[in-house]
Amino acid sequence: MLGKKLVAGQKHGETRALFLGLGMVACSALMYYFIGVTIVPKYNRSIWTKESICKLMKASIKEKVYCLFNEDSGEENIFRYPCLEVQVNLTVIRQVVMLYYTEDTWTRNPKCSYIPSNLEDYTQVQKQVENITNWFRENKRFPCFYDPSREESSVILTRLYPPDGLVLTFLWPTLMMTGGIFIIILVKISQYLSVFTAPENVRGI
Ligand SMILES: *[C@@H]1O[C@H](CO)[C@@H](O)[C@H](O)[C@H]1NC(C)=O
């Protein structure tokens, strides 16, 4: 009796562990898919791979020109922010080019060098743009990234999508996938072993 219960309990535990393992594998597969669809393209579009020194030529707010946050959205969703324009001398090629704060700035609005992070509160927005402008005026020389193929002439200040970032992004789903497969293998081994040991246990009790 006790032996049978034990075997049944073990089977129950094995099934749950198996579902946990399969769930982890399925979850990590979903995460891989999500990363592949949404994040990998951003890394592929990040063409500013080489670092150089940029010398500030101009950092000014374009008067009267306001940048729209999202031109596609309805009127009520339009946020405005002062349009900062930064031009630098990219010293490796001795050319004056437009600088963007990150890759996303370039994607979202190539007319302005900086897009404030929170666009709801206009005084905050103005303060953020002022801080950035002052930072440029105080740091006349700084490292920047450019496109070595020169297909894109602009440079960026901060790389949001460096190659090692992609490795880190894949770390969690890979760990989860490995864990899930490990659990499934353990369950299979345990089931395989119990084929030999279970009858003896039952008889022994
Ligand atoms: C850019 O910098 C280089 C090196 O410092 C200099 O020779 C060149 O004249 C500068 N170009 C401009 C347009 O200021």
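Helices (H or I, at least four residues) and strands (E, at least two) are DSSP runs, numbered from the N terminus. This is a predicted model, in which local features need pLDDT of at least 70, side-chain atom pairs count only at pLDDT 80 or more, and totals for chains, interfaces and linings use all residues. Residues are numbered from 1 along each chain as its sequence is written, and side-chain values use heavy atoms, with hydrogens and water left out.

**View 1. The fold of the protein.** Read along the sequence, the pattern is α-β-β-β-α-α-β-β-α. That comes to 4 helices and 5 strands. Take the contacts (heavy atoms within 4.5 Å) with a separation of 6 or more: residues 24 or more positions apart account for 72% of them. The accessible surface (Shrake-Rupley method, 1.4 Å probe) is about 13300 Å². Carbon and sulfur atoms hold 61% of that surface.

**View 2. Two annotated spans.** An unreviewed UniProt entry lists residues 20-40 and 166-187 as "transmembrane region". Such annotations may be inferred rather than shown by experiment; their positions are given in the numbering used here, and feature names are shortened. In the model, residues 20-40 are 100% helix and 0% strand, with end C-alpha atoms 28 Å apart. Residues 166-187 are also 100% helix and 0% strand. Their end C-alpha atoms lie 32 Å apart.

**View 3. The surroundings of Cys54.** Cys54 belongs to strand E1, residues 50-68. Its relative accessible area is 0%, so Cys54 is buried. Leaving aside neighbours within four places in sequence, Cys54 contacts Val88, Asn89, Leu90, Lys140, Arg141, Phe142, Cys144 and Val155. Thr91 is 37 residues from Cys54 along the chain, yet their C-alpha atoms are separated by 5.9 Å.

**View 4. The residues around the ligand.** Lys55, Met57, Asn89, Arg94 and Val96 surround the ligand, each with a heavy atom within 4 Å of it. This shell divides into 2 nonpolar, 1 polar and 2 charged residues.

**View 5. Polar atoms at the ligand.** A side-chain N or O atom of Asn89 is 2.3 Å from an oxygen atom of the ligand. For Lys55, a polar side-chain atom lies 2.9 Å from a ligand oxygen atom. For Arg94, the value is 3.2 Å. On its own, the ligand has 360 Å² of accessible area, and the protein covers 53% of it.

How values were computed: Polar contact = N/O pair within 3.5 Å; in protein donor to acceptor, adjacent residues only side chain to side chain. Nonpolar A, V, L, I, M, F, W, Y, C, P; charged D, E, K, R; others polar. Buried < 20%, exposed > 50% of the residue type's maximum accessible area, 1.4 Å probe, protein only.
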